[in-house]
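Dear colleague,

I am passing on the structure we spoke about, and below it I have set out what I found when going through it.

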Amino acid sequence: MKWLSLLSLAIAVQASPCPYGQMAERGELSAEDTAKFFAARAEKESAVEAQMEQVKRDTHARQEAFYKRQVSVGKLTLGGGLLNGVLQPFTGILQNLDVPVPQDFSLKKIPGDDANHRYEAPESTDVRGMCPTLNTMANHGYISRTGITTFAEAANACQITLGFGYDTCVFLSALGLLAGGDLPSGKYSIGGADSRVPNTLGPSLGISKHGFFEVDNSISREDAYFGNQADFRLDRFNRLVGIANKYNGEFGNSAFAEERVLVYNEAKNNNPQFDAGIRWLAVTTAERVFIFRALPNGTHPELADYQNVAPFYMNETFPRNWFRRGTAYSLAATGADIANLLASSSELTVPGSNEGMNNFVPLGVDISNVTASEATCFLATAIFDESPGFLSGALVNHADVVQGFLNGGVLPFFQDFNCPVTSFGQPGPSAEDDTPGVSEDCNTLRNGVYTC
């Protein structure tokens with residue numbers, strides 16, 4: 001992808017890894033040679049910046065064209081849309097829904113010495129759920145420490161703390177909002193249902209509601225069929241640690257290629273309600289690649305080791321002296337990593353579902369040779385084509401609002417991938433299941449053990 005290669009070049013130029021550049025930066029060259037070096041580097045930087053600006057202009061032009069097409073065919077019924085890289089305001093019933101905004105990206109220490117973002121153990125009334133990074137953001141105050149966040153707040157915090165791209169963070173927060181939040185206000189609980197989230201259109205069930213944001217085969221949580229899927233399970237995490245130790249202690253593609261097949265077969269053989277649909281495929285693979293793209297120290301972004309991964313899971317806090325990514329991690333990059341993880345796995349994890357024990361019904365989706373673009377489209381499919389099967393009854397009964405939100409707030413980020421998505425399908429058999437999500441039984445983790 002052109003813009004990724006340009007970004008890599010820019011980073012290489014600025015870092016000056018060659019010995020000559022390092023000598024110039026240390027003042028070990030003559031004044032004449034030092035001046036020549038910095039002049040040459042400035043020229044290269046200017047060329048890269050000019051190319052990147054052109055890529056940005058081209059991207060914005062495509063966004064504007066797509067926006068105009070959406071307007072012309074009446075797709076933006078509730079506003080939204082993407083112009084110049086920024087979501088536009090929503091209208092009508094969604095007029096009070098704040099939209100995320102792009103954040104600056106650079107290598108930055110998180111939380112650093114910011115007194116507003118020091119770790120604080122959650123109070124008993126604070127909500128925590130099945131996502132370690134969201135729990136960590138709440139414990140450090142990047143989202144509300146109560147665990148009641150919003151579409152805009154969570155997407156902005158995702159960019160600020162992890163260095164993920166605007167597109168990736170908007171998508172993830174939209175998924176969270178649809179999983180069990182209140183669309184008109186944009187509020188949702190990062191755990192189970194909570195009275196602090198309005199029920200404007202009907203019950204807001206929290207993102208731990210099984211089947212949408214929370215799916216089977218979590219890295220550190222058990223399947224909903226066996227108990228509380230929000231609670232951290234030290235045994236599951238330790239199993240992953242053991243697998244990572246076989247790969248030089250790296251929580252990378254190789255380790256997850258082994259681990260994901262193991263947990264897939266485990267659920268297929270033991271969970272009579274194991275559901276491995278398209279959303280499961282998208283969420284479980286993305287969850288794993290996010291580990292080795294988000295959690296390494298930004299000073300060594302290719303190394304996801306125990307020192308940097310464990311604090312998020314064991315204590316739900318940022319590691320010491322930890323830096324976020326220096327470059328934004330996009331949906332396109334996510335798709336490429338998902339495709340690579342699928343290709344690296346020792347056997348196909350066939351999408352489908354158990355209808356009782358020993359009765360796995362394949363979905364009929366071929367994932368044997370998935371391209372990066374197709375893998376990115378899995379993410380779009382998970383939120384469009386699969387949505388109605390797991391939405392709460394409230395949202396199923398307000399399909400026009402859901403469609404307006406998706407068209408204005410999510411679809412624009414996928415327009416470059418030509419995903420076969422136009423609108424979400426009809427409600428499936430699991431729709432209108434208003435079983436609320438659950439929160440952790442005790443929300444303070446210390447070395448993998450709950451302390452209340």
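Tyr142, Phe312, Phe318 and Trp322 are joined by ring pairs into a cluster; please keep in mind, here and below, that this is a predicted model. The structure holds 21 aromatic pairs, and in one of them, that of Tyr142 and Phe318, the ring centres are 5.9 Å apart and the planes stand at 85°, so the pair is edge-to-face. This pair links distant parts of the chain, since Tyr142 lies in the loop between α4 and β3 whereas Phe318 lies in the loop between α10 and α11, 176 residues apart. Tyr142 has 13% relative accessibility and therefore counts as buried, the cut-off being under 20%, and Phe318, at 6%, counts as buried too.

Two rings have a charged side chain over them: the charged end of Lys268 sits over the ring of Phe360, 4.6 Å from its centre, and Arg279 lies over the face of Phe212, at 4.1 Å from the ring centre.

The largest nonpolar core has 104 residues, and Leu183, Phe405 and Phe414 have the most contacts inside it; its largest share, ten residues, comes from helix α9 (residues 278–294). Leaving aside residues up to four places away in sequence, Phe405 touches Leu183 and Val410, among others.

Finally, helix α7 (residues 234–245) has as its buried residues Arg236, Phe237, Leu240, Val241, Ile243 and Ala244, which cover an arc of only 160° around the axis and are therefore on the same side of α7. What covers these buried residues includes α8 and α10.

With best wishes

Key:
Residues are numbered from 1 along each chain as its sequence is written. This is a predicted model: local features need pLDDT of at least 70, side-chain atom pairs count only at pLDDT 80 or more; totals for chains, interfaces and linings use all residues. Side-chain values use heavy atoms; hydrogens and water are left out. Buried means under 20% relative accessible area, exposed over 50%, partly exposed in between (1.4 Å probe, protein chains only). Helices (H or I, at least four residues) and strands (E, at least two) are DSSP runs, numbered from the N terminus. The arc is that of the directions from the helix axis to the C-beta atoms. Contact means heavy atoms within 4.5 Å. A nonpolar core is a set of buried Ala, Val, Leu, Ile, Met, Phe, Trp, Tyr and Cys residues joined through side-chain atoms within 4.5 Å. Rings of Phe, Tyr and Trp (its six-membered ring) pair if their centres lie within 6.5 Å; planes under 30 degrees apart count as stacked, over 60 as edge-to-face and the rest as tilted. A charge sits over a ring if NZ of Lys or CZ of Arg is within 6 Å of the ring centre and within 35 degrees of the ring normal.
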